Amino acid sequence: RGGGRAFSGSTLSDAAVLDQLAAGQLAIHKLEAELGDPVRAMRLRRQHIQAKLGGAHAEAVDALPSDAMDADGFYNKVDGACCENVIG
């Protein structure tokens, strides 16, 4: 985040968050804290990783389950642990 500007990911569109991730202005492992929404953070992290990987690797990320995830239960277990890059 440049220029000392306050960041509020919750007010940015998904495209704007992805742009900031690509530009290195937003750390991928801080998405949950910055966005305040763990499900949105996981979805955008997956999209960012898929864009970077491309091809078959991106398809592999897409194949990871995420729709049936109990976000509240899961994030209560991993919050504060070394598991800050949840993708599924």
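Accessible areas here come from the Shrake-Rupley method with a 1.4 Å probe, and for residues only the protein chains shown count as cover. On that basis the chain exposes about 5,500 Å², and carbon and sulfur atoms supply 52% of this area. The structure is a predicted model, in which local features need pLDDT of at least 70, side-chain atom pairs count only at pLDDT 80 or more, and totals for chains, interfaces and linings use all residues. Residues are numbered from 1 along each chain as its sequence is written, and side-chain values use heavy atoms, with hydrogens and water left out.

Let's start with the overall layout. The chain has 5 helices and 0 strands, where helices (H or I, at least four residues) and strands (E, at least two) are DSSP runs numbered from the N terminus. Of its 88 residues, 30% are buried; buried means under 20% relative accessible area, exposed over 50%, and partly exposed in between, with a 1.4 Å probe and protein chains only. A contact means heavy atoms within 4.5 Å. Among contacts between residues at least 6 apart in sequence, 49% join residues at least 24 apart.

Now to the interior. A nonpolar core is a set of buried Ala, Val, Leu, Ile, Met, Phe, Trp, Tyr and Cys residues joined through side-chain atoms within 4.5 Å. The largest one has 8 residues: Val17, Leu18, Leu21, Leu26, Leu31, Leu35, Ala41 and Leu44.

The biggest share comes from α1, with 3 residues. Ala41 touches Leu31, Glu32 and Leu35, leaving aside residues up to four places away in sequence. In soluble globular proteins, nonpolar side chains tend to be buried together.

Just after α1, Gly24 takes a positive phi of about 75°.

Finally, look at Glu34, which is found in helix α2. Glu34 counts as buried because its relative accessibility is 15%. Ser10 lies 24 residues away from Glu34 along the chain, yet their C-alpha atoms are separated by 7.3 Å.
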